[in-house]
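User: I'd like to learn how to read a model like this one. Can you walk me through it?

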Amino acid sequence: MHPLIIESTKYTPFVSLNDETHHLEIKGESYPENTAEFYSPIFAWLKEYFGQPHSQETTLEMEIIYFNSSSSKVLMDIFDLLDEKTQDGQRIKVNWVYDQENESALEYGEEFQEDLEHLPFHLVVKSPT
Amino acid sequence: MSFDLYTLKKHLIQQGIFFEFSGPFSQSLLAEMGDLLKKKMKLEDASSPTILKVFSLVVEQTQNIIHYSAEKLAQNQNGSFDLSTGLIAVGHSDGEYFVLTGNLIDNEDIEHLKSKLVQLAKMDAEELKQYYKTQRRQHPDHKSKGAGLGFIEIARKSCRPLEYDFIPVDDKYSFFSLNAHIH
């Protein structure tokens, strides 16, 4: 496997998925015209990566300032995949990072958290820079 | 002069409209409009939650035009870039922002869309949240190119029930307009 890096644009997030450090990161805004097209390599990477067990814990850090409704659906699909893999015994955690000023980012995080059964999903306030 | 833009401008200002666009839409135009509107509202001292709500309505309503407008200028073979045409207006009146969009739709799609909007209008905030979460886990219906969540998201962001209208154009098309308010 190779790490997957996608640079951000105005309407797509920065993505860094690293199978060596087990650190996954999605950061920025997400409202592409064709959501399925943008997320399909990310989905494929995750499926391959979680296709085998890892001794180390995998952390997914999500810091999404804004996402549109079709991105919301894809993010739910990603979290559902991680939830299923956690149930299968893999060690995964999600840090949902939000800005204190951005109350809807917290609400969005809570709405994902409520819908997940097994996956540790932490709501983390972004520390001031 | 044969076309009086000044009268049009005065009319828009009377309605509280400070931004309007009519013509073919693109994803990059949407990103630019979004940036501009965020800057403009920031200068007006709108709160960040309000700015984000307006921005999110602009995105959902514009992407509805891009995906569903029946008026398209050119069609690519893969259908990915077909210059959908419509209108958007963003304004402020009585202490509320509003995002108004309009586009042509096929007459045969009116019933489907209307029933969706009637259903949403009956729901309160908690019902809309639950419906959004249920739909997020469903496969979108055959008419939907996104996740089928756009109108639910618009209804959730709007502080009042959505206003909408279908004006007959001819035997094939009608003009659909949608107005969402943000407190």
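User: In which loop of chain B is Asp45(B) found?

Analyst: Ground rules to begin with. Residues are numbered from 1 along each chain as its sequence is written, and chains are lettered from A and ligands numbered from 1 in the order in which they are written. This is a predicted model, where local features need pLDDT of at least 70, side-chain atom pairs count only at pLDDT 80 or more, and totals for chains, interfaces and linings use all residues. Helices (H or I, at least four residues) and strands (E, at least two) are DSSP runs, numbered from the N terminus. Asp45(B) sits in the loop between helix 2 and helix 3 of chain B. Its phi is near 65°, a positive value in a residue other than glycine.

User: Is Asp45(B) buried or exposed?

Analyst: You count C-beta atoms, placed from the backbone: 20 or more others within 10 Å means buried, 12 or fewer exposed, and in between partly exposed. Asp45(B) counts as exposed because it has 7 C-beta neighbours inside 10 Å.

User: And where is His22(A) found?

Analyst: His22(A) lies in the loop between strand 2 (14–18) and strand 3 (23–30) of chain A. Phi is near 60° for His22(A), again positive in a residue other than glycine. With 17 C-beta neighbours inside 10 Å, His22(A) counts as partly exposed.

User: Which residues have the most contacts inside the largest nonpolar core?

Analyst: In soluble globular proteins, nonpolar side chains tend to be buried together. A nonpolar core is a set of buried Ala, Val, Leu, Ile, Met, Phe, Trp, Tyr and Cys residues joined through C-beta atoms within 7 Å. Here the largest one has 57 residues, and Val94(A), Val54(B), Val58(B), Val90(B) and Val99(B) have the most contacts inside it. Helix 3 of chain B gives the largest share of this core, nine residues. Take Val99(B): leaving out residues up to four places away in sequence, its partners include Val54(B), Val58(B), Val90(B) and Gln61(B). Touching, or being in contact, means that the C-beta atoms, placed from the backbone, lie within 7 Å.

User: How many residues of chain B are in contact with chain A?

Analyst: On the chain B side there are 20, facing 18 residues of chain A. Helix 2 (27–43), helix 3 (48–68), helix 5 (125–136) and helix 6 (150–157) of chain B each supply at least two of the chain B residues that touch chain A. The largest share, nine residues, comes from helix 3 of chain B.

User: What order do the elements of chain B run in?

Analyst: From the N terminus on, α-β-α-α-β-β-α-α-α-β-β, which makes six helices and five strands.

Definitions and conventions. Two residues are in contact if their C-beta atoms, placed from the backbone, lie within 7 Å.
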